[in-house]
Amino acid sequence: MKRYVRSFLGLGLTLLALPALAALNVFASVPEWAALAEELGGDQVKVYAATNALQDPHHVEAKPSLIARARNADLVIATGAELEVGWLPLVLRQAGNPRVQPGQPGYLEATAFVSMLEKPLRLDRADGDVHPAGNPHIQLDPRNIARVAAPLAARLADLDPANAAYYQARHKAFSERWSKAVAQWEKQAASLRATAIVVHHNAFAYLNAWLGLQQVAALEPKPGIDPTTQHLSAVLALLQRQPARMVVRAAYQSDRASQWIAERAKIPPVVLPFTVGGDDSARDLFGLFDDTIQRLQKGSQ
Amino acid sequence: MSRFIQMSSAFALALLSVPAIAAASDAELAEVQAQIQQLKQSYEARIEALDRRLQEAEARSAKASAAVPAASPAALPVAAAPAVTPAAVSAGNSAFNPAISAVLQGAYINQSKDPDKYAIAGFVPSGDIGPGKRGFSIAESELGFSANVDHKFFGNLILALTPDNNVEVEEAYGVFTALPGGVTPKFGRFLSSVGYLNDQHQHAWDFYDAPLVYQAFFGGQFRNDGLQVRWLAPTDTYLQFGAEIGDGSSFPGSERSNGRNGIGGGALHAHVGGDINVSNSWRAGLSWLTLRPNERTHTEIDRNGNPAQLEFSGRSQVAIADFVWKYAPKGNARETNLKLQGEYFWCKERGDLRYDSDGALGLTNTAKNTSRQSGFYVQGVYQFMPEWRVGARYDSLDPGRVDYGGNADYLSASSFNPRRYSLMFDYTPSEFSRFRIQYQQSRLQPDFTDNILFVQYILTLGAHGAHSY
């Protein structure tokens, strides 16, 4: 037994001595923060996105690959507000990497930097998948991206002071491009203001708030609970009285419920990329919003 | 007559007391009025203060939103302050309460054979491993508490409340969280990380009961009171090594009656895993466990048909090969997913076996004893639509070779191959509830086929737990 332990420890120490990689390893829980880290970090960061746009962010597993990547991360950027509660705490606990634990400089939660919407007034699991801190899907308001970009750039500079000026310059350049793009998107989307929509999951609160879309109903009876025929019928009845222009869902969501409503209410179903990588056009953050607005405009015609 | 007097005197008394009340009221009224006035003033002051704070907060948040307007974000300072001030954290002793969760489990079990006759032919019985009580029963309820202890430790306590009103400590461990380099030491009582299923709690299993290899070789699950050190290699492929030492009192080890110092058992394990592509992920491992059971007793029917007490002291070793493979189309496990897993166990025991150790038969005899046994299970679980899953499992044990040495006159080895077939169907309305039906055919003894139906529920209250891979 003793012999085994000794050789085991020996092997461990040998591997520990492996040289660290030069670039900053960034572990992003969802694709939007991976894209943002790439915008700000350029070639000084190596970004790993733990999930993709076709994955339901509420149903992610603590896969071995995620634990291995968190082990070597210098910075973990998560959405927060309990979006990742089902897997990230476990990944971080198993990663054996004290630098990226909550509270450390290597851990950043995006929701700490934006004003949260839909903070529930009562906390009860009977109300479905409620998030005590508010709706966690903050990424579809581009102004939130800018709000997260600033502290993220600062954090990159803190963790890699040698390249602080580089991150600062990239952030400045990104902010300029971004603010122009936001102004452009707002102009393009002006016609969408007050457009009534139906959504699949309550994942578009920040998009609605930004563009002034009016959410008439959600296909899920309660957040995170799959649509039932009974609830869909009720939504259909509501749409007779209060018509909507389109039914919106995220790329990762099943099309069944929105097709059902679309056919009966005679409104187009619109699939939004939801995050970077959700479709072929949403290759980066700029593409995400270009495509989102285009698809909404097409749906409202 | 007397009744009348009584009534009238009561009436008189009542009348007498009225002015008294009125008099008292005058004085009290003034006092109450003063109090109300006071209250009103204090509330007005508080409301005013709240109003002021609200206005300040609004101004702050307006300023914060204005900090990122479409017009001039270029001027954004690099280290912008958070746009919102964090919500006030509640004060008081309860503010640091750990995450608390409770798991409620229960079942209806229909068995074709008497559960008292449950045994696995040719294998050392390891305690409470049968399918459970017939009819309605609750299974173990679990209470979990976990939190960071301080800047260096994480603590976790899981208590099992058994249906017969006992409390058992399932796990109670601390984790040293501050070590760099992927090293994670854990100490206390914990479910060993050997194999795949061993460190998962019952409510996370995909079937009602543990695989047969776990029941036969571990008596359910292997627990250690001791120390575990895990090390995760700094590679993009998951590569984890672990070593454990402990008291080794969990089966196939035993409580050490002679109270020796030192280590009762140890384990080594290595796991490797990763993603094949976005849809497929896997993990595989090898584990080895060594224990020193001392005077471990059980009862067995001997060649003469008498129940004889046997006592084993020596060395037990268990080796496990495990794998799990998961498929989810495009990585999205929400709609459909498939999980395949299997584990192979080898168990080797060598030591002294004392036949008729309590002398009940008057034939007490100690002889060398060696055994090599093995077994495996494979199972698949498929979620065919959101919330609904089906699964199948096949269990098999190989009685291997058991050499009773000088006890061969009294004891005979079994050549029967115990098997079990299970089918499972479950419904998961949310992450916090699950209902399951399981049908199972157990052939654990020659000419003894038990058909069992389980109907089970699992409810989780409180903190949102995270399930391991």
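In chain A, four strands form an open sheet in the order β6-β5-β7-β8, with parallel pairing; two strands count as paired if DSSP finds at least two bridges between them, and helices (H or I, at least four residues) and strands (E, at least two) are DSSP runs numbered from the N terminus. The structure is a predicted model, in which local features need pLDDT of at least 70 and side-chain atom pairs count only at pLDDT 80 or more, while totals for chains, interfaces and linings use all residues. Residues are numbered from 1 along each chain as its sequence is written, and chains are lettered from A and ligands numbered from 1 in the order in which they are written.

Contact here means that the C-beta atoms of two residues, placed from the backbone, lie within 7 Å. Helix α10 (residues 285-300) of chain A lies across β7 and β8 of chain A and runs at about 180° to β8(A).

Five of the five residues of β7(A) are buried, so this strand is largely enclosed by the rest of the structure; a residue is buried if 20 or more other C-beta atoms lie within 10 Å of its own, exposed if 12 or fewer, and partly exposed in between, with C-beta atoms placed from the backbone. From β7(A), M246(A), V248(A) and A250(A) point one way, whereas V247(A) and R249(A) point the other way, and all are buried.

| Strand pair | Sense | Bridges |
|---|---|---|
| β5(A) and β6(A) | parallel | four bridges |
| β5(A) and β7(A) | parallel | three bridges |
| β7(A) and β8(A) | parallel | four bridges |
| β13(B) and β14(B) | antiparallel | 19 bridges |
| β14(B) and β15(B) | antiparallel | 14 bridges |

V199(A) stands opposite A218(A) in β6(A), the bridge partner of I197(A) in β7(A) is M246(A), and V247(A) stands opposite P269(A) in β8(A).

**Helix packing in chain A**

Helix α3 (residues 64-71) and helix α4 (residues 88-95) of chain A pack at an angle of about 55°, with their axes 8 Å apart. α3(A) and α4(A) are therefore oblique to each other, given that angles under 35 degrees count as roughly parallel, over 145 as roughly antiparallel, 65 to 115 as roughly perpendicular and the rest as oblique. Their contact is made by L66(A), I67(A), A70(A) and R71(A) of α3(A) together with V91(A), L92(A), Q94(A) and A95(A) of α4(A). By class, this contact has six nonpolar, one polar and one charged residues, where Ala, Val, Leu, Ile, Met, Phe, Trp, Tyr, Cys and Pro count as nonpolar, Asp, Glu, Lys and Arg as charged, and the others, Gly among them, as polar.

Helix α2 (residues 31-41) and helix α6 (residues 164-188) of chain A have axes 7 Å apart and pack at an angle of about 115°, and α2(A) and α6(A) are therefore roughly perpendicular to each other. On α2(A) the contact is made by E39(A), L40(A) and G41(A), and on α6(A) by Y167(A), R170(A), H171(A) and F174(A); the residues divide into three nonpolar, two polar and two charged.

Chain B has two helices and 18 strands, and buried residues make up 33% of its 469 residues. In the antiparallel pairing of β13 (residues 337-355) with β14 (residues 365-385) of chain B, G351(B) stands opposite N369(B) in β14(B). T370(B) stands opposite D403(B) in β15(B), and in the hairpin of β14(B) and β15(B), which has two residues between the strands, E387(B) takes a positive phi near 80°.

The contact between the chains takes 56 residues from chain B and 60 residues from chain A. On the side of chain B that touches chain A, β9(B) gives the most, with five residues, and the residues of that side divide into 30 nonpolar, 18 polar and eight charged.

How values were computed: Axes are lines fitted to C-alpha atoms, for helices over the stretch in contact, and angles run from 0 to 180 degrees between N-to-C directions.
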